[in-house]
Amino acid sequence: MLGGWKAYICSPLSAATKKEILHNMDMARFYMEKMEELYHCRCFASHAYLPLMLDDTIPEERMLALRIGKELMALCDAVIICGRRISSGMEGEIREAFSKGMEVYWYDGPAKPFEIMRMKDWRDVEHAVQICT
């Protein structure tokens, strides 16, 4: 399905505590490895590493991190949403992916836990889960 493609991993970063943010970074790295293993695609997840350099609580640094993420996403053939929660940053990435005509998949979503499914429209994502701001 995704063999040989480049895929952008879209998973939550923001959280209430530093410990939870570090956990979310670990999860982004886990999803990168898992998608490469299962679907043989090359994966990118800027939020797996950028928070080591940029502070998500400083608006200018958050905006820079989001821009870098979108630049990486532009190199990709597909976006893979990972997990069952959509953050506000993820919402922007998902909307942009659909607007650019990219293929969007959801791994471990509410409809199919621990499976991947293709999302045809933003409304499929929007109605499946509550967006967290």
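## The enclosed space

The count comes to one cavity of 30 Å³ or more. Here a cavity is a set of points, on a 1 Å grid over the protein atoms alone, where a 1.4 Å probe fits but cannot get out, and lining residues have an atom within 4 Å of a point. The largest cavity has a volume of about 260 Å³, a volume being the space filled by probe spheres set on the points, with grid points joined across faces, edges and corners. Of its 21 lining residues, Leu-13, His-47, Asp-56, Arg-62 and Leu-66 are the closest to the centre.

Two elements, H2 and helix H3 (88-99), each give two or more residues to this lining. H2 contributes the most, with five residues. Sorted by class, the lining of the largest cavity holds eight nonpolar, eight polar and five charged residues. In this sorting, Ala, Val, Leu, Ile, Met, Phe, Trp, Tyr, Cys and Pro are nonpolar, Asp, Glu, Lys and Arg are charged, and the others, Gly among them, are polar.

## About the model

This is a predicted model, in which local features need pLDDT of at least 70 and side-chain atom pairs count only at pLDDT 80 or more, while totals for chains, interfaces and linings use all residues. Residues are numbered from 1 along each chain as its sequence is written, and side-chain values use heavy atoms, with hydrogens and water left out.

## Overall fold

The protein has four helices and seven strands, and along the sequence they follow the pattern β-α-β-α-β-β-α-β-β-α-β. Helices (H or I, at least four residues) and strands (E, at least two) are DSSP runs, numbered from the N terminus. The radius of gyration is 14 Å, close to the 14 Å that the globule rule gives for 133 residues, so the protein is as compact as a globular protein of that length. That radius is taken over C-alpha atoms, and the globule rule is 2.2 Å times the number of residues to the power 0.38.

Along its principal axes, the C-alpha trace spans about 35 × 30 × 25 Å. Buried residues make up 41% of the 133 residues; buried means under 20% relative accessible area, exposed over 50%, and partly exposed in between (1.4 Å probe, protein chains only). Of the contacts with a separation of 6 or more, 63% are between residues 24 or more positions apart, where contact means heavy atoms within 4.5 Å.

## The largest pocket

A pocket, unlike a cavity, is an open set of points with protein on both sides within 12 Å along at least five of seven lines. The largest pocket has a volume of about 170 Å³. Its lining is made of Lys-18, Ile-21, Leu-22, Met-25, Pro-51, Leu-52, Leu-54, Asp-55, Asp-56 and Thr-57, which by class gives six nonpolar, one polar and three charged residues.

Leu-22, one of these lining residues, lies in helix H1 and counts as partly exposed at 40% relative accessibility. Leu-22 and Ala-48 are 26 residues apart in sequence, and their C-alpha atoms are 8.8 Å apart in space.

The structure holds zero disulfides. Cys-41 counts as buried at 4% relative accessibility, and Cys-43 is buried too, at 6%.

Is Ser-46 buried or exposed? Ser-46 is buried, with a relative accessible area of 8%, and its place is in the loop between strand S2 (42-44) and helix H2 (59-74). Leaving aside neighbours within four places in sequence, Ser-46 is in contact with Tyr-8, Pro-51, Ala-65, Gly-69 and Leu-72.

His-40 lies in the loop between helix H1 (18-39) and S2. This residue is exposed, with a relative accessible area of 56%, and has a positive phi of about 55° although it is not a glycine. Phe-114 lies in the loop between strand S5 (103-107) and strand S6 (116-119) and counts as exposed at 60% relative accessibility. Beyond its neighbours within four places in sequence, Phe-114 is in contact with Arg-84, Tyr-107 and Asp-108.

Definitions and conventions
A disulfide is a pair of cysteine sulfur atoms within 2.5 Å.
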